[in-house]
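Subject: Structure handover

Hello,

The structure is below, followed by what was found in it. Please keep it with your notes.

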Amino acid sequence: MLSLRNHLPTSRHVGKIWNENYIKVIAYTTEVVNVWKMGRDGQLPLFETKAAKGRLLFGLYAVSTFVGICLICVYRLTHLPEEGEVGRWPWIGLFLSELWYILYWFVILSVRWSPIYRNTFKDRLTQRYEKVLPGIDIFVCTANPIIEPPTMVINTVLSVMAYDYQPEKLSIYLSDDGGSCLTFYALLEASQFSKLWLPFCKKFKVEPRCPEAYFSSTPKPHHDDPLMAEEWSSIKKLYEDMRNRIEAVMNMGQITEEIRKQHKGFGEWNLASEPQNHQTILQILIDGKDGKAVDEEGQPLPTLVYLSREKRPKYHHNFKAGAMNALIRVSSRISNGEIILNVDCDMYSNNSESVRDALCFFMDEETGHEIAYVQFPQCFNNITKNDLYANSLNVCMEVELAGFDSNGGPSYIGTGCFHRRETLCGKKYSEECEREQTTRNNNERIEENASVLEETGKVLASCSYEDYTQWGKEMGLKYGCPVEDTLTGLSIQCRGWKSIYFTPERKAFLGVAPTTLLQSLIQHKRWAEGDFQIFLSSYCPFTYGHKMIPLKLQISYCLFLLLAPNCLPTLYYVTIPSLCLLKGISLFPKISSLWILPFAHVISSSCAYSLGEFIWCGGTLLGWWNDQRMWVFKRTTSHFFGFSETILKLLGFAKSSFAKMFFYELTLYQVIC
């Protein structure tokens with residue numbers, strides 16, 4: 001108690017600090033108001049919106065397909081077998097399956113009808129707001145040092161530390177739900193390497209700013225630039241030495257006594273018994289407020305924080321959503337950045353200007369006050385040319401989410417998203433938000449010693465902190481759903497906020513996609529199950545979002561929320577017609593009949609459009625074929641299991657648990673083999 005009291009300033013000192021900070025706040029607020037008014041008075045916007053091209057061709061496809069669908073329905077009704085006739089019930093079942101496809105086709109049509117794309121003007125942002133840019137808190141989440149190697153994690157951390165942004169306004173937080181001292185050691189090494197890596201990136205305008213990606217994709221500079229060639233070789237050697245040290249420790253599986261002496265934080269693991277049973281571990285490795293926290297060229301470094309929230313067996317930790325909520329609370333105590341970016345640990349920054357791109361939307365004078373989050377595409381750097389397992393998600397990222405944006409705003413996809421902090425904390429949008437846009441100041445940091453912040457911050461990441469609070473309900477990310485990101489984004493939109501989807505010319509983030517068929521199917525099973533749970537819950541867009549979000553956005557959400565029930569008509573379509581054919585029962589018109597034309601047109605036009613869309617998004621002909629093949633695999637396995645487990649839970653026969661994934665992994669493996 002006495003030691004803590006000694007760290008607290010006297011009342012006279014507090015008054016002096018308060019007066020100095022008050023003067024700074026007034027000066028800062030005045031400058032923000034002046035700049036904001038200047039932007040409102042005839043200044044050009046910070047971004048523009050453009051409609052997608054080729055809409056006439058898409059309209060012709062939609063109209064012709066609709067005519068074909070109507071003719072198919074006429075055929076089904078006029079050629080329905082008489083009661084008691086063989087094939088009547090298979091015919092009715094097939095017609096019902098087609099009616100479901102027609103319904104889902106209208107959902108697809110509404111999303112693709114008028115996608116929009118946006119462009120930012122970062123030069124205007126710099127001219128108007130460079131002196132008053134907000135603080136940015138960046139969250140990187142990891143959970144297992146074996147599945148997510150620390151070398152990969154720190155590459156992501158280093159890439160976001162090197163953003164083209166004022167370092168004193170950047171704070172990076174690594175959430176380690178695995179509670180591994182190996183990950184902490186890797187982050188400690190990265191904090192030292194950043195003193196050399198950040199100046200190198202900014203001096204030579206390096207892209208990407210992930211060391212592993214940069215050195216593996218960029219050849220050594222030519223002799224016409226000897227200075228860069230020399231520094232390039234030096235930095236590469238230092239990086240490889242650091243990587244080798246980390247991998248050596250990983251191979252040993254423990255931290256040596258010599259390494260433990262390097263930082264006081266290793267002492268926390270003397271009390272941590274196991275990954276799922278330990279106290280909060282919070283260490284500020286780089287304190288951005290400390291004047292001594294500078295790189296090799298004397299420039300300030302971003303704040304760097306390691307957090308492993310408390311884990312106890314009797315408390316449910318709520319997976320990634322729980323980790324994110326702990327980060328929101330802890331960061332509010334340390335840096336309190338107005339904007340929060342969250343990225344997965346395997347998704348490094350590929351574009352150093354992404355922060356400024358996002359701020360062009362948040363700080364736009366006309367509409368910035370309405371925006372809750374800016375979602376960037378999820379892209380991957382390990383996709384093969386023909387994408388054997390259809391993991392690229394190119395069509396979803398290039399077309400579908402752009403359609404969401406046109407219909408009211410994209411969903412939150414869990415990574416690569418910039419959030420306004422107050423929206424994650426449950427704030428509702430109102431007209432007052434526009435007035436607050438001119439006076440908001442979250443750049444002021446808590447003026448306390450790092451050790452004091454560590455001790456006070458630990459309480460915010462304890463297991464019991466959320467008891468009897470609205471965290472996980474009305475505040476932070478939502479709990480109780482495998483796709484907490486989609487549910488959280490929907491709830492933010494239903495509180496009156498808008499969202500933006502932005503696809504920059506240079507990809508903002510690059511990650512790692514599943515590399516095996518089993519991994520891919522398991523991932524899609526979880527997505528389908530979680531999305532269908534939302535549709536059947538009180539958060540269904542048609543009820544929860546009624547009069548809160550546009551009807552076309554409610555319909556757009558069904559594109560994902562109804563993936564699971566799609567398995568039923570698909571399974572019927574791929575099994576029943578074949579079985580009937582074995583018994584000589586035909587469920588389709590003969591080739592010689594004119595009724596074959598609408599079937600042929602709908603199939604051929606849909607395949608042609610799908611192929612054209614896939615190639616336009618950067619795919620290949622063989623890649624499209626693989627995508628169609630995986631479409632059948634997902635519908636008949638992943639989506640079926642997701643649908644079945646959701647229904648069983650509603651009936652009380654199954655409890656939601658990611659531990660039960662093993663059963664489905666085994667089942668899927670047997671089905672595939």
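Helix H3 (residues 55–78) supplies the largest share of a nonpolar patch, four residues; helices (H or I, at least four residues) and strands (E, at least two) are DSSP runs, numbered from the N terminus. The patch lies on the surface and consists of Val 63, Phe 66, Val 67, Leu 71 and Phe 106, with about 420 Å² of accessible area together. Patch members have over 30% relative accessible area and no salt bridge, and nonpolar side chains (Val, Leu, Ile, Met, Phe, Trp, Tyr) are joined within 5 Å. A salt bridge is a side-chain nitrogen of Lys or Arg within 4 Å of a carboxyl oxygen of Asp or Glu. Areas are Shrake-Rupley values with a 1.4 Å probe; for residues, only the protein chains shown count as cover.

Val 67 is located in helix H3. Its relative accessibility is 43%, so Val 67 counts as partly exposed (buried is under 20%, exposed over 50%, partly exposed in between).

This is a predicted model: local features need pLDDT of at least 70, side-chain atom pairs count only at pLDDT 80 or more, and totals for chains, interfaces and linings use all residues. Residues are numbered from 1 along each chain as its sequence is written, and side-chain values use heavy atoms, with hydrogens and water left out.

For the protein chain as a whole, there are 24 helices and 13 strands. Of its 673 residues, 53% are buried. The accessible surface is about 31300 Å², and carbon and sulfur atoms account for 60% of that.

Regards

Technical notes:
Patch = residues over 30% accessible without salt bridge, like charges linked within 9 Å, V, L, I, M, F, W, Y side chains within 5 Å. Buried < 20%, exposed > 50% of the residue type's maximum accessible area, 1.4 Å probe, protein only.
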